[in-house]
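Please study the sequence and the three-dimensional structure shown below before reading further.

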Amino acid sequence: MSVFADLVGHLADLLHPLFGASAAAAAIVLFTALVRLLVHPLSRAAARGQKARTALQPKVAELRRKHAKDPARLQKAVLELHAEEKVSPLSGCLPSLLQLPAFFVLYRLFSSSSIDGAGNELLDHRLLAAPLGDRWTDALAGTGLVGGAGVVYLVLFALVAAVASFNYMRAKRTPLPETGGQDVPGVGALTKVMPFMSFFTLITVAVVPLAAALYVITSSTWSAVERAVLYR
């Protein structure tokens, strides 16, 4: 964990002339962007996979007509079709899964009072008036809802709500292509809940340390822009 602490510290030192006391917060945003750049090739592959799944819809429809009275055979046939065409119904989840380690590292970094036996100096950093190691409840207990730290969170919540609304409206206008829905286990439920996933970010931002919240917000915003470009 000390390696990541050093990385964040070095990035903060580089950004300090531009961002001053909020340099560590800017470093987390930059760190998140670097992580997203690393997984961007997988995001592009997921976009290609979605287009491939869209192209398979006539064949899936034919299988449904052929096996309408045999759900088990229909499910097997759809899975075989995806395997034959080398298309994974869940390929779009891979970029998100690969980001989880970076999120948990930041969560632990800003939840620990010490790193390798030494005091955690990262906890001294802030985003304006809000300490990066604090949570929303700390802001409410301290300066209140509209105090210094509270206002920082209100701005972040507004940003998350704006991104979530953009994702929701876009998902409703251009829904994910069907992959067999009930024919591929788990995909039907995932497709239904997907338009609302971005709103869950509000809960995450409220309960995790501010540093981890910045990672989530930056990554969510990146995803919104990336999907708008790749899935246009």
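A polar atom in the side chain of S112 lies 2.8 Å from the backbone oxygen of R108. This is a polar contact, meaning a pair of N or O atoms within 3.5 Å; within protein, one atom must be able to donate a hydrogen and the other to accept it, and residues adjacent in sequence count only if both atoms are side-chain atoms. S112 is found in the loop between α5 (94-109) and β1 (114-115). Helices (H or I, at least four residues) and strands (E, at least two) are DSSP runs, numbered from the N terminus. Is S112 buried or exposed? S112 counts as buried, because its relative accessibility is 18%. The classes are defined with a 1.4 Å probe on protein chains only: buried means under 20% relative accessible area, exposed over 50%, and partly exposed in between.

The model is predicted, so local features need pLDDT of at least 70 and side-chain atom pairs count only at pLDDT 80 or more, whereas totals for chains, interfaces and linings use all residues. Residues are numbered from 1 along each chain as its sequence is written, and side-chain values use heavy atoms, with hydrogens and water left out.

Helix α2 comprises residues 23-55, 33 residues in total, and reaches 47 Å from its first C-alpha to its last, close to the 48 Å expected at 1.5 Å a residue. The expected span of a helix is 1.5 Å times one less than its number of residues. A kink of about 45° lies in α2 at V39, shortly before the proline P41. The bend at a residue is the angle between axes fitted to the seven residues ending there and the seven starting there.

Two residues of this helix deserve attention. R36 lies in α2 and counts as buried, because its relative accessibility is 2%.

H40 counts as partly exposed, because its relative accessible area is 22%. The side chain of H40 makes a polar contact of 2.6 Å with the side chain of E226. H40 touches both E226 and L230, residues up to four places away in sequence not being counted. H40 and E226 are 186 residues apart along the chain, and their C-alpha atoms are separated by 8.7 Å.

The 26 residues of α7 (residues 148-173) should span 38 Å at 1.5 Å a residue, and the end C-alpha atoms are 38 Å apart, which agrees. The buried residues of α7 include Y153, F157, N167 and R170. These buried residues pack against β3 (126-127), β4 (130-131), α6 (136-142), α9 (200-207) and α10 (210-230).

Between β3 and β4 there is a loop that holds L128. L128 has a positive phi of about 55° although it is not a glycine. L128 counts as exposed, because its relative accessibility is 64%.

The next topic is a pocket. The second largest pocket holds about 320 Å³ of space, and 20 residues line it, of which A5, G9, E121, L122 and H125 lie nearest its centre. Which helix supplies the largest share of this lining? That share, eight residues, comes from α1. A pocket is found on a 1 Å grid over the protein atoms alone, as an open set of points where a 1.4 Å probe fits, with protein on both sides within 12 Å along at least five of seven lines; lining residues have an atom within 4 Å of a point. Grid points are joined across faces, edges and corners, and a volume is the space filled by probe spheres set on the points.

Finally, the protein chain has 10 helices and four strands. Of its 232 residues, 41% count as buried.

Terms used:
Contact means heavy atoms within 4.5 Å.
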